Amino acid sequence: MAEKMKSPSVPSPIGESVPRLDALQKVTGEAVFTDDLQFGADLLYGRILRSPHPHARIKRLDASKALALPGVKALVTGDDCKDRFGLYLKDRYTFCKDRVRYVGDPVAGIVATSERLAEQACRLVEVEYEVLEPVLDPVQGAQDGAPLLHPNLKEYIVAPFIFPQHGSNISNYFKLRKGDVEGAWSKCNVIVEGAYRVPHVQHVPIEPHITVAKFDHSGNVTLWASSQSPFAQRDLIAGSLGISPNRVRVISSFVGGGFGSKAGVSMEALAVMMAQKVPGHPVKVRLTREEEFYCSFVRQGLVSNIKIGADEDGTLLAMQTEFYWDAGAYTEYGVNITRAAGYSCTGPYDVPNVWSDSYCVYTNHPVGGPMRGFGMPEIHWGIEQTMDQVAQKLGMDEKEFRLKNCIREGSITPTGSKMHALDLESCILKAAEAIDWGKQEPASAPHKRRGKGIAIMWKAPAMPPNAGSSSIVRFNEDGTVSVGIGGQELGQGSHTVAAQIAAATLGVPMDSIRISYPVDTQYSPYEWQTVASRLTWSMGNAIREAALDARRQILELAAEHWDEQPDDLDLHDGQVISYKSERSEPLKNLVVYGLPKEDDSGWRGGPIIGRGMFMPNYVSALDPETGQGPRAVVHFTPGCQAVDLEVDIETGQITLLRVSSAFDVGKAINPDQVRAQMEGGVVQGASTTLLEHLRLENGVPVNPNFTDYRIASTVDMPLKTIPIIVEVPQDDGPWGARGIGEHSMVPTAPAIANALADAVGLRIHDLPLSAERVFKALRDKEAAT
Amino acid sequence: MTTHKIALTVNGIQEQVEVPSNMTLLTMLRERLGLTGAKNGCAAGECGACTVMMNGEPVNSCLVLAVEAEGAEIVTVEGLSNENGLDGLQEAMIEVTGTQCGFCPPGGLISARALLDRNPSPSEDEIKDALRGNLCRCTGYVRILESVKQAAKGG
């Protein structure tokens, strides 16, 4: 889709580090987030009574004392819920009907005149539970005879590419068989096996979830929500209410961090049901920081068993992986994470014989959902450590081993399709070089040890095959342009990139573009969800199509006016120009009012509105028995991180000296923002590697606050981060662009673990690599020798 | 609930507000004065999104009762810029792309302003220390530090 710009005196903004369009608003406090909206005196507040048990039956619920409290306006319970909802598997009610399945499961909602009063009323609701045996481990939960969380699983409505195993806790089983794994082991000179565990972590957006919902008297619903998915919410909420999506309006201002936690529907449905009881009143529900930790989505836990074999030359021959996902009480979204893990099961390697089983297991833990990386940080944790050990057993340099075996253009992926053009080798070489790979460097003190490690990754957007984007480009009277989009600005910079794509396609200056915002499902064009690092690619294509549509209309109008051919005309610097007659006309003279006919017999043209959409049409189904198919995904973004660290052997404390990141993004529309994603991803990755673990003791979260669940602050960041851009264009990306947002935290954990192994010869299979865990492992190692 | 009439200065303007005893400074700023720049991220003094300047010192406004601010001089993010333009820190943050989602800068900028007011040429470690209570989940802090360094250089 390369654009021919014939005489570029105004430089194209594509590939330029254009400053963020929203920066001024965000540094002055002017940027509006959902909690900043003012609703006046009609505003009511909702609070949720939540289950204290991981698994129990609700025997009796009595809210009479709560309802008697002055100022309490309404009560909602499971009795008010009609249908189950969910993105890929409809397995949850908004409020529990008869059974609670995790600590935090919503049992009742109270609407009152203040948050404090609603909270007080919640404490007056009497609930009698019959405690049931919980499932607290995914491997045990997957066995026959485990207590069933969803005995009616076979009745649930499910997407065609998800395979629940009826009569078990397995809500999706993804099975992949490529080549002859059993036959290949005997040909391997080196085989390494290991089990690796990843605990639950939370996204921790600094803005907690918030929704304000209002039913008007005609039964139409408006939601003001901090949301990655206004359209998916409209659709799912309408479905759960049994009304048309046209009667649900979702308005979403800036989002104060999402990372997946604000995708799909979670607490928004609670606010809607509470508002339904008090028509005419907006009802505000905001999660407390404690609720944020375990009542919104968490990243699923994982138990992975990995076995990898290579021949004496260091060529990978076979790989077997088994993934047990600790997916929590409801897996409506999580099932697709376990599918993504299955079709990405080798990591970015060319492996001829592959066997993988990925099980999504219901447990009585918080609800697993999408989090930055969508399963990839979790599976790469074990894969990349095992690859390191294979290389070491072969006596090969870890970087060289990866260069030899990494995926290339034309390689056959685990699902049997041919890999598109990409350059992972350059990513490996550049990331390694940036930390002086191969050079032994001294530690800064006698009680410290220094080490270097490397890890590679790949990730595809995981979404339904037909996830679509659309855009509307409208010209204003003065030749400026309003660009309508349905994608969300979460901080990743999508507005700026959207404007760059529109400006470049329309040949107008950047400052002529204004992004129509906030997203409002009543006016904004459809966008599936702001997830999967898909906006630059998918929404970018839609914007480009819309701009091309507007451009075509303008060229046809001018061609008719000048009696020329549209092919001889172009848009440039806010004007329509003719290369043939060398005529030009500023856009402002024609894009709204049209042009007068020469003989004064009337006018031609009118307000220019371009429309565009993009939907991939080539993603195919996969065989449920083998996971094979023509094309599993739209594309993969690959990359590499290399880590240079020091570990204090007296405390176990790891200090990251240098972390380099190199990703093949196809084309960096805005290089500075691509680098910003890599920097932020490294620190979020390092934080989840060194610090984070949502501790669940018998299903009870014991550290849901920032004191006991630390995330990286300024003092935890690497001393140096080095972001590197590699560009091999994607055939169907705008100017060749692919996504980068999530990818930058995928290889961080194993790269750090591999560097730790290099420093002290320790191989740790569990996260996080906290000082305590590292210290104990060092002590145990010493005791053993 | 008992209410109290308090007088204080917010961003240079004299304000008189009637507040209940248990209302925090943050809630008063956001809901009574309409100053929604400072954010509520945890309500427990742990994330720093609600940081405002109180008599020249950065405080977590979610941990300060409004009545404690009687007679105080408060500066919020809205007060950093004025008719003469932006604070140097705001300019630097725009220039180096120091913000992504935009939820934490209102607090972080106040902590950074307080630092530069008492130490115009801080070292990198001093900057990190001054901002360690302002959590950011997006940027990895790289460009936040950069913006403070740049603003310090620019005086």
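Reader: How do you know that domain 1 of chain A touches domain 3 of chain A, and how many residues take part?
Author: Contact here requires C-beta atoms within 7 Å. By that test, 17 residues from domain 1 of chain A and 18 residues from domain 3 of chain A make the contact.

Reader: Which helices supply the side of domain 1 of chain A that touches domain 3 of chain A?
Author: α13 (494-506) and α14 (535-562) of chain A each give at least two residues. The largest share, five residues, is from α14(A). By class, that side of domain 1 of chain A has seven nonpolar, eight polar and two charged residues.

Reader: What makes residues of helix α12 of chain A count as buried, and which are they?
Author: The cut-off is 20 or more other C-beta atoms within 10 Å. In α12 (residues 424-434), L424(A), C427(A), I428(A), A431(A), A432(A) and A434(A) are buried.

Reader: Why are the buried residues of α12(A) said to line one face?
Author: Look down the axis of α12(A): the buried residues fall within an arc of 160 degrees, so they line one face of the helix. An α-helix has 3.6 residues a turn, so residues three or four places apart point the same way.

Reader: What covers the buried residues of α12(A)?
Author: The cover includes helix α11 (398-405) of chain A. It also includes strands β16 (448-459), β27 (637-648), β28 (654-664) and β31 (720-726) of chain A. After α12(A) comes D436(A), with a positive phi near 55 degrees.

Reader: How confident is the prediction for chain A, and where does pLDDT stay under 50?
Author: Chain A averages a pLDDT of 97, and 99% of its residues score at least 70. Over residues 1-8 of chain A, pLDDT stays under 50. For that stretch the model has six contacts beyond four places in sequence. Where pLDDT is low, the predicted coordinates should not be read in detail.

Reader: What pattern does chain B follow along the sequence?
Author: Chain B reads β-β-α-β-β-β-α-α-α-α. That is five helices and five strands. Among contacts in chain B with a separation of 6 or more, 58% join residues 24 or more positions apart.

Reader: Which domains does the assignment give for chain B?
Author: Domain 1 (3-79) and domain 2 (88-153). Their centres, over C-alpha atoms, are separated by 21 Å. In the contact, 14 residues of domain 1 of chain B meet 14 residues of domain 2 of chain B.

Reader: Which strands of chain B supply the side of domain 1 of chain B that touches domain 2 of chain B?
Author: β3 (51-54) and β4 (57-60) of chain B each supply at least two residues. β3(B) gives the largest share, three residues. By class, that side of domain 1 of chain B has eight nonpolar, four polar and two charged residues.

Key. Residues numbered from 1 in each chain as written. Chains lettered and ligands numbered in written order. Predicted model: local features only at pLDDT ≥ 70, side-chain atom pairs only at ≥ 80, totals over all residues. Domains from an automatic or database assignment. Contact = placed C-beta atoms within 7 Å. Helix = DSSP H or I, 4+ residues; strand = E, 2+ residues; numbered from the N terminus. Nonpolar A, V, L, I, M, F, W, Y, C, P; charged D, E, K, R; others polar. Buried ≥ 20, exposed ≤ 12 C-beta atoms within 10 Å, placed from the backbone. Arc of directions from axis to C-beta. pLDDT = per-residue confidence, 0-100.
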